[in-house]
Amino acid sequence: MGPLAGIQVIELAGIGPGPFCGMMLSDMGAEVIRVDRISQSRRAPPDVLQRNRKSISIDLKSDEGRELVLRMVETSDALFEGFRPGVTERLGLGPDDCLERNEKLVYGRMTGWGQEGPLAHVAGHDINYIGLSGALHSIGENGGKPIPPLNLIGDFGGGGMLLAFGLVCALLETKQSGKGQVVDAAMVDGSAALMATFYSMAQRGFINERGANLLDGGAHFYNTYETSDGKYICVGSIEPQFYELLLKHSAVDADEFSEQMNREKWPTLRQNLEQLFKTKTRDEWCEIMEGTDICFAPVLSVWEAPNHPHNVARNAFVEMDGITQPAPSPRFSRTEPKVRHGARIPGQDGDDVLSSFDYSVEEIGQLRDSGVIG
């Protein structure tokens, strides 16, 4: 039983950050019921983000469908949605509608731009939100253009994870106040929060142009390097004692590399290390450096990472329905989160879900016959 066992959450199905939030909550033991659109495919998507939840397909545009969700809300702890501002209000499922049925409900909202502001109602994606927050500008090579870091910062770190954190915070507060509230999680806000350290550094004068700083590839001792077999390693030898080990194990000229924090020398020293690391394979460098305090690791692909001995020892990856996927995180000493099942076919659990909300067999049959549920 995970630490959120006993918490019931309604997820109005969306894409990206919403499903990631649902995965995080359900991994931790919450009973998350995913409300899919009735028009969705009957085929089960092999999507890790959709694991651990039951699915019911509901026509949210019908009066009966809206009433069905509101009845579920009456005995649930939280609901979250990822539509543009105003969509759930038009469906009759906005915060006021739901809190009227259950004053203790925590209502989570996941958007890119937030619920208000000049851009609140326009379309966008991760790349746009992190562009506006200052995150994207900071990532890329010196002299080159900004490089999108997949969609990790906006959608997942500054989006779904932020919403999950906000929901749990509000649920804890509800236990004290007895009242629910609305959680407004915006990816532009979340990605800005992830940049807090770098805003601080910039205002202290420690941030120059992109790709020329301590943590963005500018420093020779905090960088990635290609090896002779076309693979890569990474080093992060920031502290002096770790930097000393880097020089020792790489067998470079210690005098040449002595001025670690001299920014003027970083480009030349980086080029020297580039040439050095190309003299051996990635595995050979692992033999020399892995397991030391250099702050070293091989750069592994998604196919390689699950098989690394450290990840194997920690059971960092699990397999479900033939798909290798990250195990639930973080870990707890007493309440164990786990992957219980993979993605469900949209609407697959409709009967079970409605039965748990005291719908009779006859009522379920009528809802299906009328097209309210799939």
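A residue counts as buried when its relative accessible area is under 20%. Keep that cut-off in mind as we walk through this structure, which is a predicted model. Trp266 has a relative accessibility of 3%, so W266 is buried. F221 has a relative accessible area of 0%, and therefore F221 is buried as well.

These two residues also belong together. F221 and W266 make an aromatic pair of the edge-to-face kind, with 5.7 Å from centre to centre and 85° between the planes. If you trace the chain, you will find that the pair links distant parts of it: F221 sits in the loop between α8 and β7, while W266 belongs to helix α10, and 45 residues separate them. In total, the model has 6 aromatic pairs.

Rings meet charges here as well. The charged end of R71 sits over the ring of Y359, at 3.7 Å from the ring's centre. In another such contact, K280 lies over the face of W285, 5.9 Å from the centre of the ring.

Now let us turn to the open spaces. The largest pocket has a volume of about 1,300 Å³. Its lining is made up of 42 residues, and those nearest the pocket's centre are I139, G140, L215, D216 and G217. Several elements give two or more residues to this lining: α6 (152-177), α8 (196-203), β7 (222-226), β8 (232-236) and α10 (266-277). Among these, β7 gives the most, with 5 residues.

The elements that give two or more residues to the lining here are α1 (17-27), α6 and β11 (323-326). Helix α6 supplies the largest share, 6 residues. By class, the lining of the second largest pocket has 26 nonpolar, 3 polar and 3 charged residues.

Methods. Residues numbered from 1 in each chain as written. Predicted model: local features only at pLDDT ≥ 70, side-chain atom pairs only at ≥ 80, totals over all residues. Heavy atoms only, no water. 1 Å grid on protein atoms, 1.4 Å probe; cavity = no way out; pocket = protein on both sides within 12 Å on 5 of 7 lines; lining within 4 Å. Points joined across faces, edges and corners; volume = space filled by probe spheres on them. Helix = DSSP H or I, 4+ residues; strand = E, 2+ residues; numbered from the N terminus. Nonpolar A, V, L, I, M, F, W, Y, C, P; charged D, E, K, R; others polar. Phe/Tyr/Trp six-rings, centres within 6.5 Å; stacked < 30°, edge-to-face > 60°. Buried < 20%, exposed > 50% of the residue type's maximum accessible area, 1.4 Å probe, protein only. Lys NZ or Arg CZ within 6 Å of the ring centre and 35° of its normal.
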